[in-house]
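Let's take a walk through a protein model, one piece at a time. Have the picture open while you read.

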Amino acid sequence: MNNIFSNNLEKYEDANEYDRKHENFLVDLPLILELAPKDSPIIELACGTGRLTIPLAEQGHEMIGVDIHAGMLERAKAKAIDKNLPIQWYLQDCTQLSLTKSTKLMFMSGNSFQHFLTNEVQDALFQSVHRHLEAGGIFIFDTRNPIMEDLSKVDEYEEHFTHSSGILVAEYHKETYQPMTQILHCETERRFFNGTLIESIEKDRILLRYVFPLEMRRLLNEHGFKVLHEYGDWNKSLLTANSPQMVYVCQKKGSS
């Protein structure tokens, strides 16, 4: 496993809790369903716990899920078995895909593109996607829009929630953007309470790379993709300087 990924996965160690917090977030599903082919398997990259893979399979699509985190994939597999869904799961690095099937549609959601921290790794991702797309194939993905007014200052905030174990949790976040690398350094301290007493403390960190709109368009063009649509969110809003996301619908070049 490439160290650029293995050293940046602390956020996903508790796959069950991660799944509980995110499995009902489905704002991205309608656009993917709209473009989903009926005559081709669909490949989801960085599929995690199957948040989108499973509902797409429930709609009758042949699904292939790929992720680099074994714990997340095990959670996804267990959920698919419970629902009797024949999903194929692969523990692979998305920059080095080696799948037996090609596809007319590949997608990656949840801002997973931000895990590809260097130019070289971004290049490898697009090359890997391009190899597994059929002629005229579509790649859909999202990433957070770099709003410099927000990134220019250190962001510190806290969140409170109840863990699946019933324990009250307070999370303290600190996010610092490094403009020379375009990487946001995110640190979290998680305090677990027994009544009013702190029972335990956990810490994790994650690095997230930002890419600017013109930079992304050049990247896609250089790696053999035509941008069909460029949205500011999954509801197809116009991409503006203040859009929360950049959502790209791209087609493999050299085909109609």
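## Strands side by side

Before we start, one term: two strands pair if DSSP finds at least two bridges between them. Keep in mind, too, that this is a predicted model.

With that term in hand, look at strand 4 and strand 5, which pair in the parallel sense over 5 bridges. One of the residues involved is Leu-105, whose bridge partner in strand 5 is Ile-138.

Now find the open sheet: 4 strands make it up, in the order 6-7-8-9, and their pairing is antiparallel. Strand 6 (155-162) and strand 9 (197-209) are the edge strands, each pairing on one side only. From one strand to the next, the twist averages 20°.

Zoom in on strand 8 (residues 183-194) and strand 9. These two run antiparallel and are joined by 12 bridges.

## Helix 2 and its neighbours

What packs on the sheet, touching strand 6 and strand 7 (168-178)? That's helix 2, and its direction makes about 95° with that of strand 6.

Helix 2 (residues 15-22) also meets helix 5 (residues 70-82). To describe two packed helices, you give the angle between their axes and the distance between the axes. For helix 2 and helix 5, the axes come within 9 Å and cross at roughly 60°, and the crossing is right-handed. On the helix 2 side, the residues in contact are Ala-15, Asn-16, Tyr-18 and Asp-19, while helix 5 brings Gly-71, Met-72, Arg-75 and Lys-79. Sort the residues of this contact by type and you get 3 nonpolar, 2 polar and 3 charged.

## A histidine in a loop

Our last stop is His-115, in the loop between strand 4 (103-108) and helix 6 (119-132). Is His-115 buried or exposed? The cut-off for buried is under 20% relative accessible area. His-115 has 12% relative accessibility, so it counts as buried.

So who does His-115 touch? Leaving out residues up to four places away in sequence, its contacts are Phe-5, Asn-8, Tyr-12, Ile-206 and Leu-208. With Tyr-12 there is also a polar contact, side chain to side chain, at 2.7 Å.

Notes: Residues numbered from 1 in each chain as written. Predicted model: local features only at pLDDT ≥ 70, side-chain atom pairs only at ≥ 80, totals over all residues. Heavy atoms only, no water. Axes fitted to C-alpha atoms, helices over the stretch in contact; angles between N-to-C directions. Left-handed = near helix turned anticlockwise from the far one by under 90°. Contact = heavy atoms within 4.5 Å. Nonpolar A, V, L, I, M, F, W, Y, C, P; charged D, E, K, R; others polar. Buried < 20%, exposed > 50% of the residue type's maximum accessible area, 1.4 Å probe, protein only. Polar contact = N/O pair within 3.5 Å; in protein donor to acceptor, adjacent residues only side chain to side chain.
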